[in-house]
Amino acid sequence: MNIGAGCHGTDRAANEAPVSGDGLRHRAGWAKPFAYDHPVFRMIELLALNPSLDRTALAAQFAADGRVQIRDVLTDASARALHRVIAEQTPWGIAYGVGTDKPVGLTAAEFAALDPARRTAIREAIEQAMRGRDYGFSYARYPILDAYLQHWAPGGPHDIVLEHINDAPFLDLVRGVTGIPDLRKADAQATLFAPGQFLAEHSDSHVGEGWRIAYVLSLCAVDWRPDWGGYLQFFDDDGDIVAGYRPRFNALSLFAVPRPHAVSYVPPFAPVGRYSITGWFRDR
């Protein structure tokens with residue numbers, strides 16, 4: 001099992017998202033220009049919404065199920081540009097969780113500095129936890145909000161992605177589909193589930209911190225076989241899977257939290273490519 005990244009539901013940055021309802025770029029101290037002259041974005045608008053979305057039907061489905069997956073949520077050009085950012089320009093760090101221990105997140109440089117013995121010890125600890133009833137996870141991650149707040153790459157593509165997620169067109173889509181007009185901000189992390197990685201069943205029970213809607217913007221650019229795992233799964237009270245979303249390209253999954261869910265184990269024979277941007281929309 002590979003060590004992955006992402007303190008899903010526990011990272012510090014998720015507890016201090018700085019954005020307002022008018023978008024992160026309007027908050028004094030964090031304002032940054034939308035760098036459309038960046039080579040990746042010339043003539044392409046990141047997170048440009050598909051104008052053909054049937055928002056009424058999507059809202060009805062969310063109202064009935066508490067979840068929905070919006071296929072082809074972005075224009076094709078926008079989705080492909082966004083995929084290039086995530087797949088080709090992301091310095092992947094790692095994070096993992098073992099039982100009740102505090103989740104660990106490492107930058108790409110910190111992960112590279114781990115010696116083989118330490119990596120083996122971490123992998124074995126995760127496997128031991130999952131043999132019983134303990135919690136665990138492992139996946140590659142780049143904390144977009146942390147990077148924004150700490151100025152890791154000011155004005156870079158990941159900063160621009162976060163600003164777009166918190167700006168009116170995208171935020172208004174989520175408000176309209178979920179029927180929650182008081183959603184005011186969102187955090188974000190880039191994630192990559194590689195062979196041997198997974199996110200065990202959990203509920204995202206951070207309602208006191210304003211979490212209302214979890215999201216997964218799927219950017220898997222290969223025709224993902226069901227046998228390759230990596231499904232976003234939802235469970236009922238008996239532990240049965242009641243729904244599962246296959247890794248897809250240009251699909252936005254939204255679901256109300258808390259709600260039992262997981263990302264299923266990616267087996268060793270699966271290709272690397274389960275890319276996404278994930279986070280939570282908040283009302284405070």
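Ala, Val, Leu, Ile, Met, Phe, Trp, Tyr, Cys and Pro count as nonpolar, Asp, Glu, Lys and Arg as charged, and the others, Gly among them, as polar. The model is predicted: local features need pLDDT of at least 70 and side-chain atom pairs count only at pLDDT 80 or more, while totals for chains, interfaces and linings use all residues. Residues are numbered from 1 along each chain as its sequence is written, and side-chain values use heavy atoms, with hydrogens and water left out.

**Exercise 1.** Classify the lining of the second largest cavity.

Solution. 
- A cavity is a set of points, on a 1 Å grid over the protein atoms alone, where a 1.4 Å probe fits but cannot get out; lining residues have an atom within 4 Å of a point.
- The structure has 2 cavities of 30 Å³ or more, a volume being the space filled by probe spheres set on the points, which are joined across faces, edges and corners.
- The second largest cavity holds about 60 Å³.
- Its lining consists of Gln69, Val216, Ser218, Gly230, Leu232, Tyr245, Arg246, Pro247, Ser253 and Arg274.
- The classes come to 4 nonpolar, 4 polar and 2 charged.

**Exercise 2.** Determine whether Ser218 is buried or exposed, and list its contacts.

Solution. 
- Buried means under 20% relative accessible area, exposed over 50%, and partly exposed in between (1.4 Å probe, protein chains only).
- Ser218 has 8% relative accessibility and therefore counts as buried.
- Ser218 belongs to strand S8 (residues 211–219); strands (E, at least two residues) and helices (H or I, at least four) are DSSP runs numbered from the N terminus.
- Contact means heavy atoms within 4.5 Å.
- Leaving out residues up to four places away in sequence, Ser218 touches Pro247, Arg248, Phe249, Asn250, Ala251, Tyr275 and Ser276.

**Exercise 3.** Decide why helix H6 (residues 157–165) is described as largely enclosed.

Solution. 
- 9 of the 9 residues of H6 are buried, so the rest of the structure largely encloses this helix.

Methods
1 Å grid on protein atoms, 1.4 Å probe; cavity = no way out; pocket = protein on both sides within 12 Å on 5 of 7 lines; lining within 4 Å.
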